[in-house]
Amino acid sequence: MSDLSSSASPPPLLTSAALALLRPASTVGGANTAADGVSDEGRTYLVASAEIAAPAVAIVLKKYEKEGAGGVVGRDLMALKEAALSSDLPFSPSAVSLILVLVDCDRLSPSPTNACANCACLLAHLYPTSALGVKFSKRHLLEKDEDDAVVWYLLSSCFAVSEHKEVREAALEAARELEMSLEGASARSRAEHLTAILTQSGQSALKSSEEYVKTVFDGLADVFEERLVDKLGYRVPWQLFDIVYEHFREGEAALVSEYINRTMTVVDLGCGTGLVGKCFSALVREKSHERSLLEADLRDTTNHKARLMDAIVEMDAVDPDHNDTDFNEAREENGRVIKKCEGRLSIITNLLEAQEKKGIEAMWEKPKGRMLGCDLSPKMCSAADQTGAYTEMVETVDCDNFLKGFQAETVHIIVSADTYIYVGDLRATFEQSARILVRGGVLAFSIETLGEGVDDKGFKLLPSGRYAQAPSYVKGLAETYGFAVLKEKEIVIRKEQSIDIRGMLFLCCLRESGEA
């Protein structure tokens with residue numbers, strides 16, 4: 001058990017009574033302590049809190065007053081936690097009371113709850129200036145659950161980036177101790193990654209370990225698309241497809257014949273659940289005739305409806321009071337046609353959805369080209385295989401070794417959607433990509449943007465656990481390995497805690513021999 005008595009002096013909002021309970025009872029000098037280790041001063045605070053707290057909180061606190069820590073169960077703590085986090089005050093009676101009860105519950109052996117984890121979470125939100133949250137996090141990982149992703153997130157994304165030196169130092173000390181003490185390979189990989197975040201040194205500062213990536217994404221596989229696409233606004237696979245599609249549609253690009261005949265080989269680095277595969281399958285398969293007609297009808301009907309609606313808007317601008325008879329008749333006619341369009345669109349959409357439910361072969365004829373992918377997470381690979389978008393089984397291997405398995409000049413397109421944010425140093429990837437791409441082949445990828453001059457290497461491991469690269473670093477590698485940067489576009493990769501994460505898309509073309 002860690003010694004909690006050495007925590008930093010709390011802010012004024014944390015009362016002296018609360019401080020008494022945040023320390024082991026034996027350290028409360030001279031104070032009488034109850035049998036369960038709660039100081040008399042702290043008990044007085046809890047009783048007073050129960051009198052003014054919300055009813056649900058009051059019930060728990062009175063139960064605690066009567067029965068002590070042994071009488072508090074998980075649902076009681078959840079009631080306190082919800083009340084504490086919803087309070088407008090940094091330390092409301094509910095918030096302080098929860099911390100006090102959690103600390104006391106954790107003294108029991110065995111602890112009846114995840115007291116340390118809950119306490120660390122609350123302290124990270126309500127008391128970030130103290131290293132106490134780090135100590136609770138460490139205790140939870142060492143004694144309760146070394147693979148608790150939420151607590152690892154608290155250490156890396158809250159405590160490791162604290163503005164307070166004491167908290168950062170405590171996080172580094174905890175990371176090093178966890179690295180030495182934890183038994184599981186996945187947990188140790190998280191500790192190594194946390195150490196690299198705090199020190200910017202070691203192999204993990206250059207590239208995430210395979211075990212770390214596997215651990216993170218095996219844990220996300222079941223909720224990956226729901227969380228990333230639906231909740232965080234992730235659109236990178238579609239955005240990369242758009243710039244590649246535009247490149248070949250321009251007609252001046254190399255490999256137009258391969259594009260038209262769908263005979264390309266497309267490689268997806270870090271395929272995840274197969275989002276890129278589903279987008280880029282169009283480049284290796286002939287779309288079925290029936291589906292092509294339906295999609296054309298959908299597009300034309302949608303455009304026709306949009307034109308009619310625009311016409312109504314223009315008429316309203318000229319005749320806002322609807323006094324013009326001719327305009328009114330035109331509005332009515334447009335309205336009738338719009339309703340017909342909507343009915344037609346509903347029918348077409350239902351037909352397309354019915355085809356999708358039948359599987360990928362209902363949408364596409366047999367492939368002429370190859371769609372290949374790799375990922376370090378076995379669960380992600382399984383999800384990608386189930387899409388039917390890949391022409392061969394997705395391989396569970398890291399990107400560099402996957403690329404080494406291809407013969408020279410056999411690949412037409414390499415795509416990497418949000419994979420380089422777990423690589424860092426991109427030299428090996430660029431080198432292998434240049435070797436296996438045919439002349440005129442393209443490398444399309446995204447990066448999380450690092451400000452110029454932030455790191456001499458041109459890339460950096462961020463507190464989020466991801467890597468960011470400077471645009472100049474990417475362009476320098478492209479030049480070194482014979483690529484021309486055809487397109488670069490600033491984008492929002494995703495949202496994180498309602499904040500836009502800035503990034504860039506790149507489309508690089510391998511130059512023809514002798515081309516400057």
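This is a short chat about a predicted model of one protein.

Student: What am I looking at, and how many helices and strands are there?
Tutor: This is a predicted model. The secondary structure comes to 22 helices and eleven strands.

Student: How much of the protein counts as buried?
Tutor: Of its 516 residues, 50% count as buried.

Student: And which contacts join residues at least 24 apart, as a share?
Tutor: Take the contacts between residues at least 6 apart in sequence. Of these, 68% join residues at least 24 apart.

Student: On to the sheet. What is the strand order?
Tutor: The order is E5-E4-E1-E6-E7-E11-E10. Those seven strands form an open sheet, and the pairing is mixed.

Student: Which strands stand at the edges?
Tutor: E5 and E10 do. Each has a single partner strand, so one side of each is left without a neighbour in the sheet.

Student: How do strands of a sheet pair, anyway?
Tutor: They pair through backbone hydrogen bonds, and the sense is either parallel or antiparallel.

Student: Parallel or antiparallel for E10 and E11?
Tutor: Antiparallel. Twelve bridges join E10 to E11, which covers residues 499–510. As one example, Ala-484 stands opposite Cys-509 in E11.

Student: Now E4. Is that strand enclosed or open, and why?
Tutor: E4, residues 370–375, is largely enclosed by the rest of the structure, because five of its six residues are buried.

Student: Where does the chain go between E4 and E5?
Tutor: The chain crosses through helix H19, residues 378–386. This β-α-β crossover is right-handed.

Student: How many residues of H7 are buried?
Tutor: Ten of the twelve, so H7 is largely enclosed by the rest of the structure. Among them are Phe-136, Lys-138, Arg-139 and His-140.

Student: What about Leu-294: buried or exposed?
Tutor: Buried, with a relative accessible area of 13%. The cut-off for buried is under 20%. Leu-294 is found in helix H16, residues 289–318.

Student: What is Leu-294 in contact with?
Tutor: Leave aside its neighbours within four places in sequence. Then Leu-294 is in contact with Ile-348, Leu-351, Leu-352 and Gln-355. Leu-351 is 57 residues apart from Leu-294 along the chain, and their C-alpha atoms are separated by 8.1 Å.

Student: And where is Leu-198?
Tutor: Leu-198 is in helix H10, residues 185–199. Leu-198 is partly exposed, with a relative accessible area of 22%. Not counting residues up to four places away in sequence, Leu-198 touches Ala-160, Arg-168, Ala-171 and Leu-172.

Student: Now the rings. How many aromatic pairs are there?
Tutor: The count comes to nine. One of the pairs is Phe-217 with Tyr-422, which is edge-to-face. The centres are 5.1 Å apart, with 85° between the planes.

Student: Which parts does that pair tie together?
Tutor: Phe-217 lies in helix H11 and Tyr-422 in the loop between strand E6 and helix H21, so the pair ties together parts 205 residues apart in sequence. Both Phe-217 and Tyr-422 are buried.

Student: What about Phe-241 and Tyr-245?
Tutor: Their ring centres are 5.6 Å apart and their planes are at 15°, so the pair is stacked. Being four residues apart in helix H13, Phe-241 and Tyr-245 are separated by about one helical turn. Phe-241 counts as buried at 16% relative accessibility, whereas Tyr-245 is partly exposed at 31%.

Student: Which residues form an aromatic cluster?
Tutor: Tyr-420, Phe-430, Phe-445, Phe-483 and Phe-506 form one.

Student: Last one. What lies over the face of Phe-459?
Tutor: Lys-457 does, at 5.3 Å from the ring centre.

Notes:
Residues numbered from 1 in each chain as written. Predicted model: local features only at pLDDT ≥ 70, side-chain atom pairs only at ≥ 80, totals over all residues. Heavy atoms only, no water. Buried < 20%, exposed > 50% of the residue type's maximum accessible area, 1.4 Å probe, protein only. Helix = DSSP H or I, 4+ residues; strand = E, 2+ residues; numbered from the N terminus. Right-handed = clockwise from strand over helix to strand, strands pointing away. Contact = heavy atoms within 4.5 Å. Phe/Tyr/Trp six-rings, centres within 6.5 Å; stacked < 30°, edge-to-face > 60°. Lys NZ or Arg CZ within 6 Å of the ring centre and 35° of its normal. Pairing = 2+ DSSP bridges.
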